[in-house]
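Me: I have a structure here that is new to me. Could you take me through it?

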Amino acid sequence: MAGILRFKAWAAACAVAIVLVLAPADARAQVSGFNQAIAESAALDPALAQFYAGRDYQPIWTTESDAVRRGAFFAALAGADNHGLPAKRYDAAGLKARFGALQSERQRGLLEVAMSAAFLSYAQDIQTGALDPVRVDPGIVREIPRRDRESILTAFAASDAAEFLRGLPPKAPQYAQLMRAKLDLERAIGQGGWGAPVSAKALRPGDTGGAVIALRNRLFAMGYLSRSAAASFDGNLQKAVQKFQMDNGLTADGVAGEGTLLEVNRTPQERLQSVIVAMERMRWMNGVDLGKRHIWVNLPDFSVRVVDNGKVTFESVTVVGQNIPDRRSPEFSDEMEMMVVNPSWNVPRSITVKEYLPMMQRNANAAGHIKVIDGRGRVVPRSAIDFASYTARNFPFAMKQPPSDGNALGLVKFLFPNKYNIYLHDTPSKSLFNKETRAFSHGCIRVGDPFDLAYVLLSAQTDDPEGEFRRHLNTGRETTIMLEKPVPVHLVYFTAWPTPRGQIEYRRDVYGRDGRIFAALSHAGVAMPALGD
């Protein structure tokens, strides 16, 4: 398809040349330089070539009547940095300089195309992101709702320029809140940051000394405390520590332990990077219909929420995939279609051959609660299998754990069928929910309160959701309950996210994805402000 489009663009350029050759000399003199320059310059970009060919090479940027459009676009580019975009990519200064140096119709034609190319680059970046996420991290498998480039340019040419440009960024309120947070952090950086880091392993109520003063000063600078000259870890400081811990996904015990102090000592530059990455992530989802009712799984927050018409109606802790390349939970959106009560666990092939096969080669009866299944679905006695004769590549059996209280999936799983084999489920390993960092699974999402999640989902189709669920549960049989209306599910990864009041909460970059995204943005030209004195 790309080859066909390039051929059509080339053919259009040739057609312009032929028309000009056949035209009278005076007509050629008037249009040849400008039109031929547009045709040649746009030929390598099918969207630009088709746009200009479709309007008979009439300009949208380079005449006196285009001044308002030009002004609106240059004003938008001047604000690109506010969105955490690589402003140098659009070369506004270079484009302006070329307008001042125009000396021929050919130069005007080349500049016309350069302006449209810059516009398309900016429009895509601010609308659906400056990066292709899967190229940055293979775990970000989200489908980006890119707009058709020719259609964007055509719509822009027929619209009020300023209004059109204002409509490009995400309209979700969280995006505007992140923009405000970006400006606040840049201000803090310009003023020298949040003060000296706290040099201590742990600080507790009753402690005194320089480290306590440093802790108090940083929390004051971050807005958690009023100014105070107290040198002891008093009740006000303890409350401030607890509030900070809650905002950062930490155990809110009021003790500034090692983990808390690590987060307290984060610089505003680090927080700014998280905010800029969060804005890019929101652009990747700009145009995705979240759904009036949807399920929001924020991986680094270790949480799942059901949101109805903008309000959270269910919330639970989660366990997500381990920070190992083939176990990290991916990011994508889909639709939940069903739940399975009393599920069997069909052990994934990777777990069967990487974990259980070596165990059974040492002891044929290892993991005896899981059945070995042949290609026809029949249970095979372990005594009939010479496990040592097989490798991970040629092991011909599958493994399956029947429904039970000890089943790895617990008593219910929630399915949104996808090629990554990711779903939400119960678990018998409840103790892991008490940990602060909960990245322990093989990739699927374990839910702390799965029964309550089932009740909330079933409430849309029955007056007695708990009774309906328990009726199936009590049979002990594997039962699938279809959701009458599928519910959108969004597996996201936000380490910076605003509360409804605009307060930004931060989470740890458990998979290092934000670090890789910011490195890519930085490479693309996103600039960080310098630390002030």
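This is a predicted model: local features need pLDDT of at least 70, side-chain atom pairs count only at pLDDT 80 or more; totals for chains, interfaces and linings use all residues.

Me: What is the mean pLDDT of the protein?

Reply: The mean is 93, and a pLDDT of 70 or more is reached by 94% of the residues.

Me: And where does pLDDT stay under 50?

Reply: That applies over residues 4-30. For this stretch the model has 23 contacts beyond four places in sequence.

Me: Changing topic: how much space lies in the largest pocket?

Reply: The largest pocket holds about 890 Å³. Its lining consists of 32 residues, and Gln174, Trp296, Val307, Trp497 and Pro498 are the closest to the centre.

Me: Which helix and strands each supply at least two residues of that lining?

Reply: Helix H10 (173-190) does, as do strands E1 (293-298), E2 (303-308), E3 (311-321) and E13 (496-498).

Me: How does the lining of the largest pocket divide by class?

Reply: There are 14 nonpolar, 10 polar and eight charged residues in the lining of the largest pocket.

Me: Now the second largest pocket. What volume does it have?

Reply: Its volume is about 740 Å³. The second largest pocket has 34 lining residues, and those nearest its centre are Ile351, Ser441, His442, Gly443 and Cys444.

Me: Which element gives the largest share of that lining?

Reply: Helix H15 (residues 349-362) does, with six residues in the lining of the second largest pocket.

Me: And its classes: how many are nonpolar, polar and charged?

Reply: The lining of the second largest pocket comprises 16 nonpolar, 10 polar and eight charged residues.

Technical notes: Residues are numbered from 1 along each chain as its sequence is written. Side-chain values use heavy atoms; hydrogens and water are left out. pLDDT is the predictor's confidence in each residue, from 0 to 100. Contact means heavy atoms within 4.5 Å. On a 1 Å grid over the protein atoms alone, a cavity is a set of points where a 1.4 Å probe fits but cannot get out, and a pocket is an open set with protein on both sides within 12 Å along at least five of seven lines; lining residues have an atom within 4 Å of a point. Grid points are joined across faces, edges and corners, and a volume is the space filled by probe spheres set on the points. Helices (H or I, at least four residues) and strands (E, at least two) are DSSP runs, numbered from the N terminus. Ala, Val, Leu, Ile, Met, Phe, Trp, Tyr, Cys and Pro count as nonpolar, Asp, Glu, Lys and Arg as charged, and the others, Gly among them, as polar.
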